[in-house]
Amino acid sequence: MRTNGYADRLYEITNALMESGIEPVNPEGLLGKLSDGLMIRFPTKSKPRKANGWLVAYFDRGLPFVVLAGDWATGADMKWTPALSTPPCPEERVRLAHRLAEAKKARETEQAFQWHQAALRAETIWNNAEAAAPDHPYLLRKGIEPHLARMKGKDLILPITDFNGRIWSLQSITPEGDKRLMAGGKKTGYFIAVNQPATQARVLICEGWATGCTLAEQDPGALVLSAIDCGNLKAVALSARNRWPDADLIVCGDDDRKTMGNPGANAAKTAAFAARARFSLPAWPATAPLELSDFNDLHNWLKEQQ
């Protein structure tokens, strides 16, 4: 469909929102508030009681011409421009590029505000939390010590920080092992510091926190950082190399042997190469079950064999 009327553009915007996984509780009410350059916050079906959705529209000749939108709770985002019946002329392309740049700046400003608000919430929760009990069911099942973990209710909570120690978000772990990240918190390039050794001469970077605890207990002199998932390994490793250019940096990957393409091992290799670091995977005995993948799995399995 290539149309130019106001109603047609609202129809396109609605479809673009839905296709991107951004579902306003009241789509008609949201689109009725469109105004040139105005950032709108709105509730979505993922969080109907919170205004975690956002949208900014820019107009040209009285019609919506650029729309950026997102859902902080799910991470979904969208960029829309109209499906014009005729290609834009050079002047229109210049205006479009300018509007896109304005929309990008507005989105970045709103994103920074959301990260700041999440950081304040995370810091408040962390400061009011208690030290984690050594007999927490998750710790017992994983065979690890609490290290720096704290508790809120029955859940472990772990601070996601930058290299200056500022808390940006939290990860929580239930007694059953379910893991959740704080909605709206910043993660990329940040990490959970497992321990606090005297020096940073040797830095181990891994995926999960439990794996990091095992590494810290096996190598107490090393600083251990949990990148939370394999997609964040490279960003953390590069930042660590910039922070400590002379450190012995080792990326300790998960060996996802039963998963096609072994994403854990490949991500760890990529991160190590990019950061000029060493690379390590668990050394599996021939009889180790294939479903085991990380250093914590190996440690616990070896204990069972004794």
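Start by selecting Phe-42 and Gly-53: Phe-42 stands opposite Gly-53, which belongs to strand 2. Keep in mind as you go that this is a predicted model.

**The sheet around that pair**

Now widen the selection to strand 1 and strand 2, the latter being residues 53–60; the two pair in the antiparallel sense over four bridges. Show the rest of the sheet and you will find an open arrangement of four strands, in the order 1-2-3-4 with antiparallel pairing. Which strands form its edges? Colour strand 1 (39–42) and strand 4 (77–80), since these are the edge strands, each pairing on one side only. Turn the view to follow the twist, which averages 20° from one strand to the next.

**The helix across the sheet**

Next, select residues 6–19, which make up helix 1. Helix 1 lies across strand 2, strand 3 (63–71) and strand 4, and runs at about 20° to strand 3. From its first C-alpha to its last, this 14-residue helix reaches 20 Å, close to the 20 Å expected at 1.5 Å a residue.

Show side chains in helix 1 and pick Arg-9, Leu-10, Glu-12, Ile-13, Ala-16 and Leu-17, which are buried. Why do they sit on the same side of helix 1? They cover an arc of only 160° around the axis, and that puts them on the same side.

Just after helix 1, stop at Gly-21, where phi is positive, at about 80°.

**On to the cores**

Now jump to the largest nonpolar core, which has 28 residues. Select Leu-156, Leu-204, Trp-209, Leu-215, Val-224 and Cys-252, the residues that touch the most other members. Elements giving two or more residues to this core include helix 4 (137–142), strand 7 (155–161) and strand 13 (248–252). Helix 5 gives the most, with five residues.

Zoom in on Leu-215: leaving aside residues up to four places away in sequence, Leu-215 touches Leu-204, Cys-206, Val-224, Cys-252 and Phe-295.

For the last stop, select Ile-205, Ala-240, Leu-249 and Ala-275, which are among the 21 residues of a second, separate core.

Notes: Residues numbered from 1 in each chain as written. Predicted model: local features only at pLDDT ≥ 70, side-chain atom pairs only at ≥ 80, totals over all residues. Heavy atoms only, no water. Pairing = 2+ DSSP bridges. Axes fitted to C-alpha atoms, helices over the stretch in contact; angles between N-to-C directions. Contact = heavy atoms within 4.5 Å. Expected span 1.5 Å × (residues − 1). Buried < 20%, exposed > 50% of the residue type's maximum accessible area, 1.4 Å probe, protein only. Arc of directions from axis to C-beta. Core = buried A, V, L, I, M, F, W, Y, C linked by side-chain atoms within 4.5 Å.
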